[in-house]
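Please look at the sequence and the model first.

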Amino acid sequence: MKIGGISSITVGTEAVHAASVSADSTKFSDLISSMGNNVSSSQILPEGRLNGDYRSSFSGTYTAEADRHARPQGAAANSAVRGAQQKPIDRTSKLYEKALELESYFVKQMLSSMRKTIQKSQDSGYAKSMYEDMLYDEYATNMTKTAGFGLADLIYNQFA
């Protein structure tokens, strides 16, 4: 039997909790409606990023004029035929930015495999593993930016 939306077998504390949740929901709805349509996520977030994505990105990494006609480095420089003219790489382009993201993914996979070989203590929980994974995402991003593996250069040359 229900009386006023509350079951007759509901304990008093559950009714108080339900009323509190309803009040919080109403406050939240009022807050959202008071904000209006002043700001959209497309004005805040760079293209291709998700709301809540706090990782470092590669946008704006290369901005100098010399980066528009850079020579390949790392694996791309080593794989070229001796004496052959290498194509210049435009490191300011979106294609190169996406190639860096793909290289970062491969570096992250390498780091994750290396991390699995480390013996850990027993006090690892969900939050610890999640933040550790985020830390290794940042390691991969920074290694991709600074190490000069050249995988992004190879990818760029294949698609350019």
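## The chain as a whole

This is a predicted model. The chain holds six helices and two strands. In sequence order these elements follow the pattern β-β-α-α-α-α-α-α.

Of the 160 residues in the chain, 19% count as buried. Among contacts with a separation of 6 or more, 72% are accounted for by residues 24 or more positions apart.

## Helix α4

Helix α4 covers residues 94-116. Its 23 residues, at 1.5 Å a residue, should span 33 Å, and the end C-alpha atoms are 33 Å apart, so expectation and model agree.

The buried residues of α4 are Tyr96, Glu97, Ala99, Leu100, Glu103, Ser104, Val107, Lys108, Leu111, Ser112 and Arg115. What do these buried residues pack against? Their partners are α5 and α6, the latter formed by residues 151-159.

## Helix α5

Helix α5 runs over residues 126-147. Its 22 residues should span 32 Å at 1.5 Å a residue; the C-alpha atoms at its ends are 31 Å apart, which agrees.

Which residues of α5 are buried? They are Tyr136, Ala140, Thr141 and Thr144. These residues cover an arc of only 140° around the axis, and therefore lie on the same side of α5. An α-helix has 3.6 residues a turn, so residues three or four places apart point the same way. Tyr131 and Thr146 are exposed, and they sit on the face of α5 turned away from its buried side. The cover over the buried residues of α5 includes α4. Just after α5 comes Gly148, with a positive phi of about 75°.

## Where α4 meets α5

Two packed helices are described by the angle between their axes and the distance between the axes. For α4 and α5, the axes come within 8 Å and cross at roughly 130°. That angle makes α4 oblique to α5. The crossing of these two helices is right-handed. On the α4 side, the contact is made by Leu100, Glu103, Ser104, Val107, Lys108, Met110, Leu111 and Arg115. On the α5 side, it is made by Glu132, Asp133, Tyr136, Asp137, Tyr139, Ala140, Thr141, Met143 and Thr144.

Tyr139 belongs to helix α5. Is Tyr139 buried, partly exposed or exposed? Tyr139 has 40% relative accessibility, so it counts as partly exposed; buried means under 20% and exposed over 50%. Tyr139 and Lys108 are 31 residues apart in sequence, and their C-alpha atoms are 7.8 Å apart in space.

## Where α4 meets α6

The axes of α4 and α6 are 8 Å apart, and the helices pack at an angle of about 135°. This angle makes α4 oblique to α6. The crossing of α4 past α6 is right-handed.

Which residues of α4 and α6 meet? From α4 they are Leu95, Tyr96, Ala99, Leu100, Leu102, Glu103 and Phe106. From α6 they are Leu151, Ala152, Asp153, Ile155, Tyr156 and Phe159. Leu100 and Glu103 of α4, listed here, are also among the α4 residues in contact with α5.

Notes
Residues are numbered from 1 along each chain as its sequence is written. This is a predicted model: local features need pLDDT of at least 70, side-chain atom pairs count only at pLDDT 80 or more; totals for chains, interfaces and linings use all residues. Side-chain values use heavy atoms; hydrogens and water are left out. Helices (H or I, at least four residues) and strands (E, at least two) are DSSP runs, numbered from the N terminus. The expected span of a helix is 1.5 Å times one less than its number of residues. Buried means under 20% relative accessible area, exposed over 50%, partly exposed in between (1.4 Å probe, protein chains only). The arc is that of the directions from the helix axis to the C-beta atoms. Contact means heavy atoms within 4.5 Å. Axes are lines fitted to C-alpha atoms, for helices over the stretch in contact, and angles run from 0 to 180 degrees between N-to-C directions. Angles under 35 degrees count as roughly parallel, over 145 as roughly antiparallel, 65 to 115 as roughly perpendicular and the rest as oblique. A crossing is left-handed if the near helix is turned anticlockwise from the far one by less than a right angle, and right-handed if clockwise.
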